[in-house]
Amino acid sequence: MTKNRLSLFVAAALISTVAVVGCKKKEEAVVTPTPAPVETAPAPAPVAATASVTSLDLGNAVGADMKVTMPMTTFKPTDAIIAAVGTATSDAAATVPGKLSAKWTFQDGQTVNEESKDINFNGNGVTNFKINSPKGFPVGKYKVDISLDGAPVKSAEFTVAK
């Protein structure tokens with residue numbers, strides 16, 4: 001009888017377990033929603049490097065670095081007059097093509113000399129423009145105007161005196 005009771009008890013336990021498992025509410029699978037794709041703005045177009053004129057010095061001699069050795073504003077009639085134009089690019093690694101021009105004028109507005117140079121600017125640099133007169137410049141006031149790609153950027157006045 002004990003064996004019957006034991007069998008009956010095991011059978012009851014088994015049926016209860018099956019009933020509990022069968023009646024247990026199924027858990028729903030957790031679905032993680034995928035985020036909507038984030039639209040990113042297109043990368044901005046790279047800004048083209050630019051060249052600019054940073055300085056203008058006048059003198060009658062330049063060093064190995066092309067800079068005026070001693071800036072001056074008064075010259076002798078027989079001096080060579082040099083305009084050292086300092087330039088820079090917005091990106092030191094970029095090469096920027098451009099045209100640098102110098103227009104030299106006398107006090108009455110008369111053009112003494114005009115010169116342009118096509119340059120591939122790269123980082124910091126110096127470009128020289130030079131005028132001289134074998135018979136000597138007339139005494140008076142002069143001006144040099146520097147343009148970059150046709151736009152005036154710097155000017156300097158100077159005097160020729162005896």
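Is Phe158 buried or exposed, and what is its relative accessible area? In this predicted model, Phe158 has a relative accessible area of 2% and, because the limit for burial is under 20%, counts as buried. The views below begin with the whole chain and then turn to the sheet, the core and the aromatic rings.

**View 1. Overview of the predicted model, with one helix and eight strands.** Read from the N terminus, the elements follow the order α-β-β-β-β-β-β-β-β. Of the 162 residues in the protein, 29% are buried, and the accessible surface comes to about 11,600 Å², with 58% of that area belonging to carbon and sulfur atoms. When contacts between residues at least 6 apart in sequence are considered, 60% of them join residues at least 24 apart.

**View 2. The open sheet of five strands, in the order E2-E8-E7-E4-E5.** The pairing within this sheet is mixed. Strand E2 (74-75) and E5 stand at its edges, and because each has a single partner strand, one side of each is left without a neighbour in the sheet. E7 and E8 pair in the antiparallel sense over nine bridges, and Gly140 stands opposite Val160 in E8. E4 and E7 are also antiparallel, with seven bridges in their pairing, and here Trp104 has Val144 of E7 as its bridge partner.

**View 3. The hairpin formed by E4 and E5.** These two strands run antiparallel and are joined by 11 bridges, with Thr105 standing opposite Thr111 in E5. Four residues lie between the strands, and Gly109, in the turn, has a positive phi of about 90 degrees.

**View 4. The largest nonpolar core, a set of 26 residues.** The members that touch the most other members are Leu58, Ile81, Leu100, Trp104, Val144 and Phe158. At least two residues of this core come from each of strand E1 (51-59), strand E3 (81-89), strand E4 (95-106), strand E5 (111-122), strand E6 (125-131), strand E7 (140-148) and strand E8 (151-160). E4 gives the most, with five residues. Trp104 has a relative accessibility of 1% and therefore counts as buried.

View 5. Ring pairs gather Phe75, Trp104, Phe106, Phe137, Tyr142 and Phe158 into a cluster.

**View 6. A lysine over an aromatic ring: Lys117 and Phe129.** Lys117 lies over the face of Phe129, at 4.8 Å from the ring centre.

Terms used
Residues are numbered from 1 along each chain as its sequence is written. This is a predicted model: local features need pLDDT of at least 70, side-chain atom pairs count only at pLDDT 80 or more; totals for chains, interfaces and linings use all residues. Side-chain values use heavy atoms; hydrogens and water are left out. A nonpolar core is a set of buried Ala, Val, Leu, Ile, Met, Phe, Trp, Tyr and Cys residues joined through side-chain atoms within 4.5 Å. Buried means under 20% relative accessible area, exposed over 50%, partly exposed in between (1.4 Å probe, protein chains only). Contact means heavy atoms within 4.5 Å. Accessible areas come from the Shrake-Rupley method with a 1.4 Å probe; for residues, only the protein chains shown count as cover. Two strands pair if DSSP finds at least two bridges between them. Rings of Phe, Tyr and Trp (its six-membered ring) pair if their centres lie within 6.5 Å; planes under 30 degrees apart count as stacked, over 60 as edge-to-face and the rest as tilted. A charge sits over a ring if NZ of Lys or CZ of Arg is within 6 Å of the ring centre and within 35 degrees of the ring normal.
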